[in-house]
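Take a look at the fold below. Then follow the charged side chains through it.

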Amino acid sequence: MDALLSSALAESVSADDTAQDPVLESEMKGLEAADEDSLLSDGGSEETLDDSDMEERLDGPDASSDQIIDGQSEVDALISEMATEEAQAPPAPPSTAAKGQVGGENVAAAGSTEAEDDDLLSQDLLANLLKDAQAEESGETAPAEEAAAPGAETPEPEPEPAKAGSKRPKFAIKLPAFTGALLTVVNNEFPRIAASLIMGSALGLGTFGFLSSHQMRSASEADLVNFSVEQSSNLDSAIISAREFMELGFFNDAAEVLGNALENAPPSPRANDAQYLRIEAMYRDLPQALTDRMTAPIHGEIDRALETARAHPRAPEALYWKARAYERSNNLPAARTAYRDIIEDFVDVPNMDEVLFAYGSLELETGSPELARRLFNDLLQQYRSSPLAAPARLKLGESLVALGETDEAREVFNRAAQAAPDTRLGAQAYERLGRIAFDAGNFSEAIDELEARLETATTIEGNDIINLLLAKAYRAEGRLEDARTILNELLDFFPETEVTPEAIVELSQVLRDLGNTEGAVRIATQAVQRFPTYIPGLRNAINLLGDAGYAPSAWRAVIAAHAMGVRDPQLLLAAGRYFQSNGAPGQAMEAYRILNREFADTTEALDGSIELATAEYAAGSIDESMSRLENLYSLTNGKPQRLPVLTAMAEIYQDLGLLTNARAVYEEIAGVTTDPTQIAQSAMALLDADALAEGLGVAARVDIASLDARMAYDFLVRQGDALLRVDQQRALAKMEQAFESYPGERTSEGNQQLLETYLGSGLTVRARIVVAELEAKAKRAPVESPALEKAATTWGDYLFDRRDYRAAADAYAKALGNAAVAFEGTAAPVVMSELQQWALYQRANALFNLNDLRGSADLFDRVAAMGSDWSDEAAAKARLARLELRRLRSDPGPGGQAG
C-alpha cells in the first residue's frame with residue numbers, strides 16, 4: 001500500500017503543469033517548519049513534498065508522465081495498474097489509530113516490524129478456541145458472534161467483515177511452554193506417558209509406510225473446501241463448516257455451503273437455523289458502501305426467512321441487518337420501516353439497545369430530532385447498563401440542540417461531562433458544550449469554554465477533539481496564528497487519532513487563509529497521502545489544487561483515490577461539479593462518466609448524468625446531450641429527478657430556438673412541481689416562449705411571499721409585461737408592486753418598463769417620480785448613469801411630442817449629465833453614446849422651438865461635428881438658426897430700429 005500511495009497520490013504538479021504554474025517552479029517557501037514537523041510527527045519516513053514530489057505522488061505509477069488523464073482507456077489502464085500494485089504490495093501493519101495516543105516512535109516501530117510468525121495464535125485466541133471446543137464437546141452451541149463494544153462517538157454494533165485474501169492462509173496452533181506444570185505431569189505420569197509414546201511412534205511409522213507405498217498426495221485447501229461443500233447436504237455438517245468459514249472471514253463460502261445444504265432440505269427447525277446463519281454470512285460479506293442492487297439478494301433472503309420462520313429467535317436480528325443494509329445503501333425510508341417493525345412486532349429482542357441507538361441516530365441525522373429524542377430516552381430508561389447508554393446520552397443532547405432546546409442540552413452534556421471527566425466520552429461532552437456556542441456564532445464564548453476545559457483537565461484523554469474545535473473557533477474569530485499554533489500542538493501530541501485527518505485539513509485551510517497558498521497545497525497533498533480514503537481530505541485537496549490553478553493535478557487526485565478503492569459517488573459528483581464550474585469541462589465529464597458507469601443505481605449517478613448532458617451540450621455534442629436527456633426522461637418517471645431532467649431539456653430547447661418543444665416541457669414542469677420558485681420559473685419561461693395564456697395561468701398559482709426578493713421582482717415585472725397585451729391596469733399594478741415592494745432589487749429594464757407604462761397610461765406625475773429617483777441614484781453611483789440616460793431621454797421625447805419644449809429641454813439635459821457640462825465649456829468634441837447624441841440633438845430642437853436661437857445653433861454645430869446620423873440635418877438647422885438670428889437683428893420690428 002505504501003508503494004501505491006507514493007506512486008499514485010502525492011504528485012500535485014506535472015512537468016507540464018509546472019510550466020503553466022510558475023508559483024511551484026521553485027521550492028514552496030511559505031510553510032513553516034513547525035507545520036511540517038507537526039504533520040509528519042507520526043514517526044514515519046515520509047519525506048516533505050517539493051515540486052517534483054507533489055507530481056510523483058499524484059501523477060500515478062509513471063512519475064515521468066505529465067499527460068492529463070482524459071480518455072477512458074487511460075483511466076481504466078491507470079486503475080488496473082494501481083489495483084495490480086495494491087494486490088502485489090506487502091500487507092500493511094495494523095493501524096494504531098484506534099488504540100489511543102501513539103507516539104511517533106511507536107508508529108515508526110509498528111510500521112517497520114514484521115510479524116514473527118504468521119502461524120502463531122495469540123493466547124486470547126487460543127483460550128477462545130479451547131473454550132469453543134469444550135462447549136461443543138458438552139453439546140452446547142457457542143454464540144455465532146459477540147457484539148463488539150461500541151465506540152464512544154460512533155459505535156457500530158455489527159462486526160466489520162474480515163478482508164479475505166486471494167488465498168486462504170494455513171493455520172497451525174503453537175502452544176506456549178508451561179514448563180513448571182509440564183515437569184510435574186512428566187514426573188507423576190511417566191509410565192503412562194512412555195507407553196503412549198511407544199504406541200504413537202509405532203502408529204506413526206505404520207502410517208508413514210502406508211502413505212509412502214500408496215503415494216498419497218497432501219490435501220490442498222481447495223480439496224478441503226470442495227469436501228466441505230460436498231458434505232454440506234447434511235445441515236448439521238453444513239452449519240459446522242459455515243461457522244468455521246465465518247471464523248476465518250470467508251463469509252461467501254459460508255453462505256454457499258449453507259445454500260447448497262438448504263436446496264434439498266425439508267422444512268425443519270434446523271433448516272431455519274441454517275437459513276438465518278446464511279443471512280448472517282451474507283450480511284457480513286457485504287462491502288461497506290452499498291447500492292440497492294447489491295443488497296437485493298439479502299433482502300430477498302430475509303423476507304423469505306421471516307415469512308417461513310418469523311418466530312425464530314434470530315428474526316429480529318435479521319430485521320436489524322435488513323435495516324442496516326438499507327441505511328448503508330441510502331434507502332432511508334425502508335430502513336425506518338425495518339427499525340419500526342422490530343420495535344413494534346418483537347417484544348423480547350436481545351439487541352434492542354442497538355436497534356434504538358441505530359434508529360435514533362438515523363432520525364437525528366435526517367432531520368427528525370423529536371423522534372430521535374424519544375428513542376434515546378427509551379434506551380437510557382430501559383437499558384441503563386448498556387454500553388450504548390453513554391454515547392446515547394450525547395446523542396440525546398444533540399437531539400435537544402437540533403430542537404432548539406439548548407439549555408436542556410447543556411444540562412445533559414454537563415451531566416455526561418461530570419460523570420466521566422477523565423475519559424474521552426467526558427471530553428466529547430465538553431466539546432459539545434463548546435460547539436453549542438460555536439454553531440451559534442458565539443466564537444468567543446466557545447473559546448472560553450474550551451480553554452477552561454484544557455486548563456482544568458487532569459488528563460489529556462480526549463483533548464485532541466477539544467483542540468480541534470478550539471482551532472476552528474480561533475480561525476472563525478480571525479485569530480489565524482493562534483489556530484495554526486494549536487493545530488501544530490495537536491498534531492505533535494496526538495499524531496495518530498481519529499481527528500488527525502480533519503486536523504490536517506483544517507491546518508491547510510488556515511494556511512490558505514494566511515495567504516500561504518503553497519503551504520496549504522503541500523499540507524493538503526500530504527493529507528491525501530497519509531489518509532487516501534478520507535473523503536473530506538480528498539475534497540479539500542481537489543479544491544485547493546484547483547483554486548491554485550492545478551486542475552490536472554486535482555483530477556489525478558480523484559483518479560488515484562478511485563483506483564485505491566475509494567468508492568464514493570458523492571466525491572465523484574462533487575469533483576465533476578467543481579471542474580465544471582472552474583473551466584475544466586473535460587475532467588468534469590470524465591468524473592460524471594465514471595460515476596454513471598460504476599454507481600449507476602445511485603441518486604448521485606442520476607444527478608451526474610443530468611449534469612453530464614448539460615456539459616456535453618456546452619461542449620457542442622448536441623445530439624449526444626439530447627439523447628442522454630431523453631433516456632433520462634424515460635428512466636425518471638415518478639422519481640424526484642424527473643424535474644431537473646425536464647429543466648435541462650427545456651433550457652436546451654429554448655437555447656436552440658425550439659420554442660414549441662420548450663413550451664411543452666415547461667408546461668409539464670409546472671404540472672409536476674409544487675415549489676413556488678420552480679412554478680415561477682416555468683411561468684416566466686412560458687411567457688418568454690410566447691405561450692401567453694399558459695404562462696399567465698401558471699403565474700396565477702405562484703405565491704409571491706414564498707419567493708426570494710430577486711425572484712419575486714423579476715417575476716412581477718415579467719408578469720406585468722405579459723399582461724400589457726391583455727389588461728393594462730393589471731399590468732401596471734404588477735409593475736408598481738415590484739417597484740415599491742423590492743426597491744433593492746430594481747433593474748434598469750424594470751424601471752424603463754414601468755416608465756413607459758406610465759407614459760402610455762398618461763400618468764406623467766408618476767413618470768416624473770421614476771426619472772427623479774433614477775437621477776438621485778446616478779448621482780450617488782455613476783455606474784447607474786446609463787439607466788438614467790435612457791429613462792430621461794424617453795421622458796424628454798414624451799414631453800417634446802406634446803410640445804412642452806421647456807420641460808423636454810430639461811429632461812434631455814438630465815440624460816446628458818456630465819457630458820453636457822463638459823460640452824458646454826469646450827469647443828473640443830466630447831465622446832458621447834448614441835443615445836446622448838440623440839438627446840443633444842433633441843435639446844437643440846427644443847431650444848430652437850423656444851426661440852433660443854444662439855443656444856440651439858451652438859448645439860446643432862456640436863451634433864454636426866460628431867458625424868452622427870443627425871449631423872447633416874443638424875448642420876442645416878444650425879445655418880437656419882443663424883439666418884433667423886441675423887434676420888431678427890436687422891429687422892427692427894414695428895416702430896423700432898435695427899439691432
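A salt bridge is a side-chain nitrogen of Lys or Arg within 4 Å of a carboxyl oxygen of Asp or Glu. Side chains of opposite charge can pair when their charged atoms come close. In this predicted model, the side chains of Glu301 and Arg278 meet that definition, with N and O 3.2 Å apart. Glu301 sits in helix 14 (residues 292-308) and Arg278 in helix 13, so the pair ties together parts that are 23 residues apart in sequence. Buried means under 20% relative accessible area. Glu301 has 9% relative accessibility, so Glu301 counts as buried.

Now step back to the whole chain. The chain has 46 helices and zero strands. Of its 899 residues, 44% are buried. The exposed surface comes to about 45,100 Å², and carbon and sulfur atoms supply 51% of it.

How many salt bridges does a search of the whole structure find? The search finds 42. One of them joins Arg270 to Asp236, with the closest N and O atoms 2.7 Å apart. Arg270 belongs to helix 13 (residues 269-284) and Asp236 to helix 11 (residues 235-247), so this pair links parts that are 34 residues apart in sequence. Arg270 is partly exposed, at 32% relative accessibility. Asp236 is partly exposed too, at 40%.

Another salt bridge stays inside one helix. Arg484 and Glu481 pair at 3.4 Å, N to O. They are three residues apart in helix 24 (residues 480-493), so about one helical turn separates them. Arg484 is buried, at 7% relative accessibility, whereas Glu481 is partly exposed, at 43%. Elsewhere, salt bridges with shared partners join Glu280, Arg284, Arg314 and Glu317 into one network.

Methods: Residues numbered from 1 in each chain as written. Predicted model: local features only at pLDDT ≥ 70, side-chain atom pairs only at ≥ 80, totals over all residues. Heavy atoms only, no water. Helix = DSSP H or I, 4+ residues; strand = E, 2+ residues; numbered from the N terminus. Buried < 20%, exposed > 50% of the residue type's maximum accessible area, 1.4 Å probe, protein only. Areas by Shrake-Rupley, 256 points an atom, 1.4 Å probe, with all protein chains shown as cover.
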